[in-house]
Amino acid sequence: MAQPNRSSSMSDTAVGLPDASPRTTWTSRVRWAISILVAALLVLLAGQRSERTEHAYQVHALKRAIEVHALGLRGEASKYAYLPFTAAQHPDIVATLRDPGNAVLRELANRYLEEVNRRAGSDALYVLDAVGMTVVASNWNQPQSFVGQNYSRRPYFIDSSQGRSGQFYGVGITTGEPGLFLSVPVREGGTIVGVVAVKVNLRQIMATWADTLDPVMLADAKGIFFLGSVASWIYQPSRALSQEDLAWLERHKVYGPFNAFVPVPWAVEQVPGQAGYLLKTRIEGRERRLLAVDEALPQLGWTLTVTSDYGRVLAARNRTWMVGGLAASLVLLGALYWQLRERRYAEQRNARQQLEVRVTERTQQLSDAHAFRKAMEESLLVGMRARDLEGRIIYVNPALCAMTGYRADELIGKLPPYAYWHPQDTDKHKRESDAALSGDAPATGFESRIRHRDGHDVITMVYTAPLIDGTGQHKGWMSSVVDISDRKEAELRETISRAEAEHAQRLALLGEMASTMAHELSQPLTAMSNNANAAEESARRGNQGLLLDSLERIKAQVQRTAGIVRGIKDMARLRTPGMQACAMNEVVVNVLALLKPEIRMYRAHVTTRLQEDLPLVTGDTVLLGQVLLNLIVNSLQAFAEDSTTPREITIHTTSDGSSVRVTVEDNGPGVAPAVEAHMFEAFFTTKADGLGLGLKNCRTIVESHQGRLTFEHRASGGAVFILQLKANA
Amino acid sequence: MKPMDLIVYVVDDDEDCRSSLSHLLASRGFQVQAFESGEVFLRLANTGRCGVAILDRNMGAVSGVDVFEELQKRASPLVALFLSGHGDIPVAVDVTKRGAFGWLEKPYQDAALMAALTNALVDAATIGARHHAKHEAVARWATLTPREKEVAPLLRQGLPSKLIGKELHVGWRTVDTHRANIFDKLGVANAAELERYMRDNGL
């Protein structure tokens, strides 16, 4: 009954599995692809953002570096700025300029300058006259002395000779050494008489920068790098120079012998929205991408370019990408894991649900089965009783309770004798119970009378079988107890109704024979009447002998009448005499007496051959007589109306000692095969007004006598009915 | 002949009835003869005698009706009185129409039986007398010569002697002689009487 449900629920479950449907897989893939794309996009954006942030940070760092470098540069410049000023105030210097030919003064000035220069740590400190000729210098006594050198074309001289402080970086004309030249005018009474200049070497800064990983370059106002960490770029412009600038440079001999101003291989790329710019260049044969920031140093007129490797930015970006990718991968993996876990959970949930469904179904089946069993037990009219091996009742069903009138709890746990045992049959119950417990109960069951609690008797049939548990162990005995009280009653009723049927059939027979019976009665009555009149006559005439004779006859005829009446009475009675020893010959004679008028009416001739000393049989004389009566009447009625052959019926009785046979044989038309097959069945008749109960009743009666009623065809035509009964011992 | 002198046959297969009835009738002075079956009766009884045959309707092989029919066939002067165990009106009406005297149902009243029997015997006496007369007439007829037996039917028709002579190729005187002899032998006076004689006696 739960079969279709289960199969449908199974298919539901199959549909519910996440990867079982192609549609779901497709959707999942799209979802995954979108997720990966979004993740990639996010990572890309994050990378770019990281790149921007790193860029900004690098720019910021570069600005910090620029400040430091600028500070260093300014410090270097300002550290020595006071020197020419101080020297310009010195009387010896002023005196020397006033009188350049004075060797003493020059000597003093040189020594002074030498001393100051040594103490300050500058490269050279020297004084130019108004035309740019070096008058005294700190290196006056050295091979590459500035003294006597004319620097009138140097920009710092030009500036200072015009009253301003000079400042210039360039390569020394004398020394070929680059340096920062600072100068101030020397005034005497408002007139500029000379210029004091100091040359400061920036090697120390250079050395500092040389340590930097990324190029740091210092360009002059023309854009020519003159100081920096990349040696090959020194004295090279960052961009192509104009002719004017080239001419200026030539004129002022700014960088001495270095005058091949080839622009450095820079490709500048501005980054929108960001400070600084991207620089693509080649250093020592290596392609570099640099992030550069320029800082103008207005005091010095220089531009400081600080770079950092753009690789950092890229690395940051790549790092972000990597981290982002990793994170995204982790997230995706997590999602994948989560999905797998969800799927597994879903599967587990499905499995659990399936299990629950199965459990529910199983539970349902079990409870159905239980309900079914309970309903079955309760609907059973058969009482069920289970006992253990000792005979202790372990189970009774409602039918048994109803049968006995005791509740289950009153019976369960009880040992024999049980409450419902019939007090008059205690021994029998004990015997049967012991037999059942030792396995000797008859398989066909046994009848047992029990006593209902309310006192009435219940006739039961008890069938016992071993009670085997699930492990095959013999645990006790199961008995089914059938209430056959009704059946017993029905049997009784059937007996009664059979008796009634037989009685009805006898009455029918009587009815059929009524007219001949009446005739038969009229005979002795007539005779009695005659004899009475004769007696009267004799009396009147005083003939004593005839009178007595007549009276004697009357008495005999009364007997005859009584006999007929008795026969009719026997036939008409519902209750027959019952089983008793009876002589079949006598039954035959009595039946023939009853049938005499009938036989005469049919003009048949009945011959009897009755065996003498025939054994007695046990039977009901009236019922056996009824059988014979039936058979003979059938024979009589079978004769054709217009038959001319003499109608012969032969009745003989024989015995072989163990049985008694009565045969009724006629020379009538016999029995047609079609009739023969059915003639012993109820309601089968060949007569227009027949009930069809005659032969059926005959057979029933004979069988109730443990006898047999059979039919044979007579060899020379006609029918033979044979009644066979067991002879009394 | 007085009715009481006539024979009464009792034919009944029921021994009790038969013997009791014959016993009773004998005791009342009737001439009774009893037979236990129709066959025996028909074989042994003198059915040409006048009297009453009391026949039981139901007997074995030959019933009362059979016996009655046989008696009629034999032109027996016996008067049939039927006895029956049970009313069988159609059969009773039938046999009565055919000349049976009556029908008594067993068990009958003695008076009814005696009345029926007495009347039947009176009938039987009458029949006996008539039977006797007829018997004589037939005997007288038998005395006629063959030629007279030829002439008589013609005389009965009232034909004149000449015509009869012409018919028989004899002379009318011869016919006259025959007529005189016939009339004398049969005891009739004229042709009309001859006619009645022959008709009554079935000649």
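Predicted model: local features only at pLDDT ≥ 70, side-chain atom pairs only at ≥ 80, totals over all residues.
## Basis

Local features need pLDDT of at least 70, side-chain atom pairs count only at pLDDT 80 or more, and totals for chains, interfaces and linings use all residues. Residues are numbered from 1 along each chain as its sequence is written, chains are lettered from A in the order in which they are written, and side-chain values use heavy atoms, leaving out hydrogens and water.

## The interface

Chain B brings 27 residues to the contact and chain A brings 23; contact means heavy atoms within 4.5 Å. The two chains bury about 2100 Å² between them, 50% of it on carbon and sulfur atoms. Buried area is the accessible area (1.4 Å probe) lost on putting two parts together, summed over both. Asp16(B), His23(B) and Ser27(B) supply 24% of the area that chain B buries against chain A, more than any other three residues.

Four salt bridges cross the interface (a side-chain nitrogen of Lys or Arg within 4 Å of a carboxyl oxygen of Asp or Glu). Asp66(B) and Arg603(A) form a salt bridge through their side chains, at 3.3 Å from N to O. On chain B, helix H1 (residues 15–27) gives the most to the side touching chain A: eight residues. Helices are DSSP runs (H or I, at least four residues), numbered from the N terminus.

## The second largest pocket

The lining of this pocket has 22 residues. Nearest its centre lie Gly563(A), Gly567(A), Asp570(A), Asn590(A) and Val591(A). On a 1 Å grid over the protein atoms alone, a pocket is an open set of points where a 1.4 Å probe fits, with protein on both sides within 12 Å along at least five of seven lines; lining residues have an atom within 4 Å of a point. Helices H14 (544–572), H15 (584–601) and H16 (621–638) of chain A each supply at least two residues of the lining.
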